[in-house]
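My notes follow in the order I checked things.

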Amino acid sequence: MRTQLEKIKSEVKEALNKVKSLEEVNELKVKYLGKKGELTQVLRGMGQLVPEERPIIGQLANEIRDELNKVLDEQVKKIKKIEQEQKLNLETIDVTLPGKQFLKGTKHPLSLVIEEAKQIFMGLGFQIAEGPEIETDYYNFEALNLPKDHPARDMQDTFYITSDVVLRTHTSPVQVRSMESLTPEVPVKIICPGKVYRKDDDATHSPMFHQIEGLVIDMGIRMSDLKGVLLAFVQQMFGPDRKIRFRPSYFPFTEPSAEVDVSCGICKGDGCKACSYTGWLEILGSGMVHPNVLKYGGYDPTKVKGFAFGMGVERIAMLKYNINDMRLFFENDIRFLRQF
Ligand code: PHE
């Protein structure tokens with residue numbers, strides 16, 4: 001038995017000199033030290049020995065097992081080290097190669113205009129307000145001094161959901177909602193950017209478009225305040241050389257009412273094709289808040305006054321970026337959108 005053990009020991013050592021891979025080392029381990037391995041088999045036969053010999057052979061067997069484990073482990077380490085070195089030699093990393101390019105998105109031109117408008121109005125002390133796109137007849141019309149059957153309702157081709165619920169046709173309902181939530185506090189100074197809906201569809205009209213509503217209420221507010229705010233806005237949005245002009249108009253919720261034009265940026269006001277040879281481009285509707293609307297919002301028209309305006313975001317973006325078809329905003333053509 002002793003010679004058997006010694007033989008196993010020298011066999012393993014000899015075999016180890018030839019192995020090159022981790023798998024081969026593993027095979028050796030199984031062959032000699034595994035459950036059915038040769039050394040294990042020898043140990044199983046210990047029962048046949050005379051009792052005095054058992055501890056001596058047992059000790060020897062243990063020594064051999066430990067030694068084999070040790071040399072096998074050493075071999076594993078050696079092979080791993082060699083493999084790692086080979087890998088390092090093969091893999092050369094060129095740190096001067098350009099990195100992978102990510103496809104970066106751009107902001108939609110309408111988002112850019114809304115963000116810029118928000119910045120400008122916040123700079124003038126306005127706060128941002130919000131309201132629902134699905135709106136009641138009351139807020140979209142009635143509380144804006146447009147009772148049922150009022151002929152001015154025809155100015156806005158409305159999507160009705162029920163006879164009392166509409167897709168808001170403008171952001172003006174947020175005027176009354178903001179007043180309700182703030183009354184009797186003054187000043188009220190809000191803008192509300194958002195989506196609005198009308199049954200319209202051509203190169204200059206889309207069934208869904210965006211507006212930015214503005215509302216200021218305070219003691220002693222005058223039309224000149226409206227002019228000052230709008231001039232500041234236009235000159236920051238389009239450039240300090242731009243002028244504005246007010247044309248009398250009609251909205252049931254403002255009195256007096258005015259439409260506001262900005263001087264044409266292409267011809268500087270001389271008249272060209274872009275401005276239909278007028279030198280001016282319309283950008284918004286505005287006026288002094290009608291006393292009835294102040295009352296609907298919970299304010300006393302004998303104590304406070306206000307002005308309001310509503311501008312079309314698409315119109316502003318078309319003027320700012322020289323875009324001639326509104327549908328381009330909604331077609332999602334990446335060649336168009338990448339330009340912003
Ligand atoms: N709501 C009006 C429209 O959509 C614009 C407007 C807003 C006019 C506020 C006056 C005051 O046409």
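I began with the domain assignment of the chain, which gives domain 1 (2-90) and domain 2 (109-337). I keep in mind that this is a predicted model. I then looked up the distance between the domain centres, taken over C-alpha atoms, and noted 88 Å for domain 1 and domain 2.

Next I turned to the ligand. Which residues come nearest to the ligand? I found 15 residues around it, and the nearest are His170, Ser172, Arg198, Gln211 and Gly310.

I went through the polar side-chain atoms. For His170, I noted one such atom 3.0 Å from a nitrogen atom of the ligand. Ser172 also has a polar side-chain atom by a ligand nitrogen atom, at 2.9 Å. With Gln211 the ligand atom is an oxygen, and an N or O atom of the Gln211 side chain lies 3.0 Å from it. I then looked up the cover: on its own the ligand has 330 Å² of accessible area, and the protein covers 92% of that.

I checked the pockets as well. The ligand takes up the space of the largest pocket. Which elements give two or more residues to the shell around the ligand? I listed β6 (208-218), β9 (280-289) and β10 (305-312). Of the elements, β10 gives the most, with three residues.

Last, I sorted the shell by residue type. I wrote down four nonpolar residues, nine polar ones and two charged ones.

Conventions
Residues are numbered from 1 along each chain as its sequence is written. This is a predicted model: local features need pLDDT of at least 70, side-chain atom pairs count only at pLDDT 80 or more; totals for chains, interfaces and linings use all residues. Side-chain values use heavy atoms; hydrogens and water are left out. Domain bounds come from an automatic or database domain assignment. A residue is near a molecule or strand if one of its heavy atoms lies within 4 Å of it. A polar contact is a pair of N or O atoms within 3.5 Å; within protein, one must be able to donate a hydrogen and the other to accept it, and residues adjacent in sequence count only if both atoms are side-chain atoms. Accessible areas come from the Shrake-Rupley method with a 1.4 Å probe; for residues, only the protein chains shown count as cover. On a 1 Å grid over the protein atoms alone, a cavity is a set of points where a 1.4 Å probe fits but cannot get out, and a pocket is an open set with protein on both sides within 12 Å along at least five of seven lines; lining residues have an atom within 4 Å of a point. A molecule sits in a cavity or pocket if more than half of its atoms lie within 2 Å of its grid points. Helices (H or I, at least four residues) and strands (E, at least two) are DSSP runs, numbered from the N terminus. Ala, Val, Leu, Ile, Met, Phe, Trp, Tyr, Cys and Pro count as nonpolar, Asp, Glu, Lys and Arg as charged, and the others, Gly among them, as polar.
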